Amino acid sequence: MRELTKETGLTAALLLAVLVTGNAQTATNGSELVRHEPRKQHVLFAPGGFERAVVLLSGTREFKYFQFSLDRPLNLSIEGPTELIIKVRLLFDISLKGAQDYSLVIKEPSFFGGASEVGRHNLIARKSTTSSLKGINDIVPSKAHVFTMIVPKGRHDYTFHLRAPSTPSAIIRVLAPKKD
């Protein structure tokens, strides 16, 4: 058992749980065994309003993202309840150096007119050294910031806004759980 824990990097309790159940998704919670749900499959969810679609290259893989800007926020309409995975990257002019502070603000129309803020993420972007945009050589994406967004029951119309960036645009990838 000691050799297996050194070789795999797993704790002895987790190895024992895997050996007993035959399931690598079993973990320990103190002395009690807890079985975790398998990871849900997600699919790309296309927003309704955006500046343009772009393809991010990362190694040999390609990923579709949607660009939005200070002047043109991204619009997303979705039926809840659901849980979205949001991946956002600030876009850098190739000549910019260092880190860039920015905020991603998520708003939803309110009953009393206008829009209320339902989420804000204050982020620090750094240029990616492994990703690029297909066919666009003068712009470099930042490393991805990934977060989960819980959408309550009912229909929701969200807008994603950039605040205080020194670069005027970003790209976003929204993933929704795959329907069976």
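## Leu84 and its contacts

Leu84 touches Leu76, Ile78, Phe147, Thr148, Met149, Val151, Val174, Leu175 and Ala176, leaving aside residues up to four places away in sequence. Contact here means heavy atoms within 4.5 Å.

This is a predicted model: local features need pLDDT of at least 70, side-chain atom pairs count only at pLDDT 80 or more, and totals for chains, interfaces and linings use all residues. Residues are numbered from 1 along each chain as its sequence is written, and side-chain values use heavy atoms, with hydrogens and water left out.

## Two nonpolar cores

A nonpolar core is a set of buried Ala, Val, Leu, Ile, Met, Phe, Trp, Tyr and Cys residues joined through side-chain atoms within 4.5 Å. Buried means under 20% relative accessible area, exposed over 50%, and partly exposed in between (1.4 Å probe, protein chains only). The largest core has 26 residues. Phe68, Leu84, Ile86, Val88, Phe160 and Ile172 touch the most other members. Strands E5 (61–69), E6 (74–93), E7 (100–109), E8 (115–125), E11 (145–163) and E12 (169–177) each supply at least two residues of this core. E6 gives the largest share, eight residues. Strands (E, at least two residues) and helices (H or I, at least four) are DSSP runs, numbered from the N terminus.

In soluble globular proteins, nonpolar side chains tend to be buried together.

Leu91 lies in E6. Its relative accessible area is 5%, so Leu91 is buried. Leu91 touches Gln67, Leu133, Ile139, Val140, Pro141, Thr167, Ser169, Ala170 and Ile171, not counting residues up to four places away in sequence. Leu91 and Gln67 are 24 residues apart along the chain, and their C-alpha atoms are separated by 9.1 Å.

Pro81 also has its place in E6. The peptide bond from Gly80 to Pro81 is cis, with omega near 10 degrees.

## A buried glutamine

Gln100 is found in E7. Gln100 counts as buried because its relative accessibility is 11%. Its contacts, not counting residues up to four places away in sequence, are Leu90, Phe92, Leu123, Ile124, Ala125 and Ser166.

## Pairing around strand E4

Two strands pair if DSSP finds at least two bridges between them. E4 (residues 52–58) and E5 pair in the antiparallel sense over seven bridges. Val54 has Tyr65 of E5 as its bridge partner. Two residues lie between the strands of this hairpin, where Gly59 takes a positive phi near 65 degrees.

E4 also pairs with E9 (residues 131–133), antiparallel, over three bridges. There, Ser58 has Ser131 of E9 as its bridge partner.
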